[in-house]
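Open the model in your viewer and keep the selection panel at hand. Each stop below says what to pick and what is there.

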Amino acid sequence: MFKKILVALDRSEIGQQVFEKALGLAKLTQASLMLLHVLSPEEEGSPYGPMLSNLDYYPGLSSQNFELYQKQWDSFKDQGIQMLQSFSAEANTVSVTTEFTQNIGNPGRIICDLAHSYGADLIVMGRRGRSGLMELFLGSVSNYVLHHAPCSVHVVHLSATPITDEIIKKTSSNFQG
């Protein structure tokens, strides 16, 4: 049975599904959750780093770029913490013990390192769905974790149910009217 579940979350649409799967497993097995958000430039919505040139023609411009980037980065970090707090509060309402952390760096490596130090029995994470050349050049966090994790890994795929339901509704309404 699982006692400690590490939940790797991001702010994409699959994040909610990953959390719900992990929460369901935690309730069934009476496990505790460690919610993790990794701040990474790869994540959707992450601010881009300021362009720094060797030739500083406009002395004030690079500092303005950096200040703007810093504000965007701080906002990105705050949104990650708010997401973790919200999920943690939701888990606490159903009596699931929950902790959370937000780290900066390579997502795959951080997930595996935290799973080891936390003593996780299971990692629950999502998959972006990269394949072929995209996965070859950009890598895949889920692929890295599957090959380096110190415990079992449950990969959640994005559900297509809402799209299917919408198609069924449109099709049935076309036949009725």
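Start with the largest nonpolar core of this predicted model. The core holds 20 residues. Select Ile-5, Val-7, Leu-9, Phe-19, Leu-33 and Leu-35: these touch the most other members. Now colour by element. Strand 1, helix 1 (14-29), strand 2 (32-39), helix 2 (59-93) and strand 4 each give two or more residues to this core. Helix 1 supplies the largest share, six residues.

Next, centre on Phe-19. Which residues is Phe-19 in contact with, leaving aside neighbours within four places in sequence? They are Val-7, Leu-9, Leu-33, Leu-35, Phe-87, Glu-90 and Ala-91.

Another core lies apart from the one you began with. Its 17 residues include Ala-8, Cys-112, Ile-123 and Met-125. In soluble globular proteins, nonpolar side chains tend to be buried together.

Now select strand 4, residues 122-126. Five of its five residues are buried, so strand 4 is largely enclosed by the rest of the structure. Show the side chains. Leu-122, Val-124 and Gly-126 point one way, while Ile-123 and Met-125 point the other way.

Strand 1 (residues 4-9) runs parallel to strand 4, joined by three bridges. Look for Val-7 opposite Val-124. Val-7 was also among the residues touching the most other members of the largest core. Then select strand 5 (residues 152-156): five bridges join it to strand 4, again in parallel. Finish at Met-125, which stands opposite Val-155 in strand 5.

How values were computed: Residues numbered from 1 in each chain as written. Predicted model: local features only at pLDDT ≥ 70, side-chain atom pairs only at ≥ 80, totals over all residues. Heavy atoms only, no water. Buried < 20%, exposed > 50% of the residue type's maximum accessible area, 1.4 Å probe, protein only. Helix = DSSP H or I, 4+ residues; strand = E, 2+ residues; numbered from the N terminus. Pairing = 2+ DSSP bridges. Core = buried A, V, L, I, M, F, W, Y, C linked by side-chain atoms within 4.5 Å. Contact = heavy atoms within 4.5 Å.
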